[in-house]
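Open the model in your viewer and keep the selection panel at hand. The stops below say what to select and what is there.

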Amino acid sequence: MIFPENKNSIVTPASGLGLLKRILSASLLTVAIALSLILLSGTAPAWATLTDDRFDGTIFSLYAGNGSLVPPKAKLVDSFKRHKPVLLVFYTDDSSDSKQYAIVVSQLQEFYGRAADFMPITVDSLPPQPSPELTEPSHYYEGFVPQTLILDQSGKVVFNEKGQIPFEQVDDAFRKVFDLLPREKSIPLKRRVVNELNVELSK
């Protein structure tokens, strides 16, 4: 409640209504000015989308629904010691191709995540010059995102492709690494849509 300084002043319903109108008018004016500035500056609302090269956040959490992929749980040197195959994926969080491909990487982990080490590597973390060491991810990076490599149990590169690779193409390479039946002789994998961003695979 507002008390007037002059004790002789009387606060009437009409004066209170006038004060409320002035407050509402000032608020509406503020909102109108803010909207005008946004429109004039050309600044679009911050919506996360798959089709632009804008940074929205960690792509594996945001678009693949799989935050367990990053940071990688293993290092190349450890995989080599254990003779475990490796999937290396070079990406950036502000690449539309990387955003869309993150879903494929998550799908691949569902089937091969226990038998192989998955290592998504953001190129922002790489040194300026490639390392000569085979145990360093930068040794394999070729300046493109996304880039996908599979190293077999002996550490040999058996798959190296750039761009958005279909799940089936990487799956075929993994089948050779693990000596599994070819696709045409095994049960086909069926995709089950979970939401507009994530797709899971199920048999």
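**Stop 1: a pocket**

The lining of the second largest pocket divides into seven nonpolar residues, one polar and two charged. The model is a predicted one. To see the lining, select Pro72, Ala74, Lys75, Leu76, Val77, Met119, Ile121, Thr135, Glu136 and Pro137. Which elements give two or more residues to this lining? They are α3 and β2 (117–122). The volume of the second largest pocket is about 180 Å³.

**Stop 2: strand β1**

Next, select residues 86–91, which form strand β1. Six of its six residues are buried. Colour one side: Val86, Leu88 and Phe90. Then colour the other: Leu87, Val89 and Tyr91. Both faces are covered.

How do β1 and β2 pair, in the parallel or the antiparallel sense? They pair in the parallel sense, over six bridges. At Tyr91, look across to β2: Thr122 stands opposite.

**Stop 3: Asn66**

Move to the loop between α2 (59–62) and α3 (76–82) and pick Asn66. Is Asn66 buried or exposed? Its relative accessible area is 11%, under the 20% cut-off, so Asn66 counts as buried. Now show side chains. Those of Asn66 and Ser106 make a polar contact at 3.2 Å. Setting aside neighbours within four places in sequence, Asn66 is in contact with Phe60, Ser61, Ser106 and Gln109.

**Stop 4: two cis bonds**

Stay in the loop between α2 and α3, where Pro71 has its place. The peptide bond from Val70 to Pro71 is cis, with omega near -10°.

Then jump to Pro146, in the loop between β2 and β3 (147–151). Its bond with Val145 is a cis peptide bond too, and omega is about -15°.

**Stop 5: two positive phi angles**

Select His83, in the loop between α3 and β1. His83 is not a glycine, yet its phi is positive, about 55°. Most residues other than glycine have a negative phi. His83 has 55% relative accessibility, over the 50% cut-off, and therefore counts as exposed.

Finish at Asp179, in the loop between α5 (167–177) and β5 (190–193). Asp179 is not a glycine either, and has a positive phi of about 55°. Is Asp179 buried or exposed? With a relative accessible area of 69%, Asp179 is exposed.

Terms used: Residues are numbered from 1 along each chain as its sequence is written. This is a predicted model: local features need pLDDT of at least 70, side-chain atom pairs count only at pLDDT 80 or more; totals for chains, interfaces and linings use all residues. Side-chain values use heavy atoms; hydrogens and water are left out. Helices (H or I, at least four residues) and strands (E, at least two) are DSSP runs, numbered from the N terminus. Buried means under 20% relative accessible area, exposed over 50%, partly exposed in between (1.4 Å probe, protein chains only). A polar contact is a pair of N or O atoms within 3.5 Å; within protein, one must be able to donate a hydrogen and the other to accept it, and residues adjacent in sequence count only if both atoms are side-chain atoms. Contact means heavy atoms within 4.5 Å. On a 1 Å grid over the protein atoms alone, a cavity is a set of points where a 1.4 Å probe fits but cannot get out, and a pocket is an open set with protein on both sides within 12 Å along at least five of seven lines; lining residues have an atom within 4 Å of a point. Grid points are joined across faces, edges and corners, and a volume is the space filled by probe spheres set on the points. Ala, Val, Leu, Ile, Met, Phe, Trp, Tyr, Cys and Pro count as nonpolar, Asp, Glu, Lys and Arg as charged, and the others, Gly among them, as polar. Two strands pair if DSSP finds at least two bridges between them.
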